[in-house]
Amino acid sequence: MASTWREALRVPYRLAVRRSSPLFVQRVTITTSSASPASEADPESLQKPASHQGKRRRPLTAEQKKFLDRALRVNHAGELAATLIYTAQTPPITNAHPHLRPLMKHMYDQEAGHFSHFNHLLAHHRIRPTVLYPVWTAAATILGWSTGIMGREAAMACTEAVETEIGEHYNGQVRELLLWVKDMEERGEEVGEELSALVKDIRRIRDEELEHLDEAVKEDAKMARPYEVLTGVIRGGCRAAIAISEKI
């Protein structure tokens, strides 16, 4: 078992130069949670099994390792919060609206799968969870319970707000990782299986989160009152939680 991202992925680092270049925008065009996955670059190395013949490998830099540590710690915290929000929302929502039981279960099951996946990655790569784990646990439970009690529209507005921020957050990670892959291809270096799997998994998880957003809008999320205040507060809280969890 690899103990660090440095040992597991071993990819080159040229982000500082590329990020200041106009090519950074051209390479990966997806920029918001509403962007179509079809607009996203799909490097050749992610479409076929890796070939190890004649390909160089480079170790992960300190900055890349920090990026991945932060990303996975935040992803883990976010998926924990999502499972707790749905757990708290489900009883009042399904009691009042039994037809939503399959949807609530479907969304919870996907979030639980995401949480399990990131829990495994943190343990595998020895990345510590956020120290505010107990705080986010309490906050997510309170948010889920309160919006569930407020009714179907408020619960769906909560989902819309959370998934909008989470979708944009995952898009940022996908952009960064795809840039690494593209640079590796240009340099004739090997794209490791773990990096390829990570890109594919985050893309899949991102797309499932955006499905939840779409379902919430279909279920009248925008009919919640006061919609702007409710979603604004929730989105602001998500952004603050992401920023804090990246650091501690």
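Helices α4 and α6 are roughly parallel to each other, because their axes cross at roughly 30 degrees and angles under 35 degrees count as roughly parallel, over 145 as roughly antiparallel, 65 to 115 as roughly perpendicular and the rest as oblique. The model is predicted, so local features need pLDDT of at least 70 and side-chain atom pairs count only at pLDDT 80 or more, while totals for chains, interfaces and linings use all residues. Residues are numbered from 1 along each chain as its sequence is written, and side-chain values use heavy atoms, with hydrogens and water left out.

Two packed helices are described by the angle between their axes and the distance between the axes. Here an axis is a line fitted to C-alpha atoms, for helices over the stretch in contact, and angles run from 0 to 180 degrees between N-to-C directions. Helices (H or I, at least four residues) and strands (E, at least two) are DSSP runs, numbered from the N terminus. The axes of α4 and α6 come within 7 Å, and α4 passes α6 in a right-handed crossing. A crossing is right-handed if the near helix is turned clockwise from the far one by less than a right angle, and left-handed if anticlockwise.

On the α4 side, the residues that meet α6 are H76, A77, L80, A81, L84, I85, A88, Q89, P92 and I93. Their partners in α6 are Y133, W136, T137, A140, T141, L143, G144, W145, T147, G148 and I149, where contact means heavy atoms within 4.5 Å. By class, this contact has 14 nonpolar, seven polar and no charged residues. Ala, Val, Leu, Ile, Met, Phe, Trp, Tyr, Cys and Pro count as nonpolar, Asp, Glu, Lys and Arg as charged, and the others, Gly among them, as polar.

α6 (residues 133-150) also packs with α9 (residues 227-247), at an angle of about 165 degrees and with the axes 13 Å apart. That makes α6 roughly antiparallel to α9. The crossing of α6 past α9 is left-handed. W136, L143 and M150 of α6 make this contact with L230, I234, A241, I244 and S245 of α9. Seven of these residues are nonpolar, one is polar and none is charged.

On a 1 Å grid over the protein atoms alone, a cavity is a set of points where a 1.4 Å probe fits but cannot get out, and a pocket is an open set with protein on both sides within 12 Å along at least five of seven lines; lining residues have an atom within 4 Å of a point. Grid points are joined across faces, edges and corners, and a volume is the space filled by probe spheres set on the points.

The largest pocket holds about 420 Å³ of space. Of its 20 lining residues, A81, L143, G237, C238 and A241 lie nearest its centre. α4 (62-96), α6, α7 (152-186) and α9 each give two or more residues to the lining, and α9 gives the most, with eight. The lining has 17 nonpolar, three polar and no charged residues.

The structure holds one cavity of 30 Å³ or more, and the largest cavity has a volume of about 60 Å³. Its lining consists of A82, I85, Y86, E111, C158, T159, V162 and E163. α7 gives the most to this lining, with four residues. Five of the lining residues are nonpolar, one is polar and two are charged.

Two backbone details remain. The peptide bond from R225 to P226 is cis, with omega near 0 degrees, and P226 lies in the loop between α8 (193-218) and α9. R126, in the loop between α5 (101-124) and α6, has a positive phi near 55 degrees.
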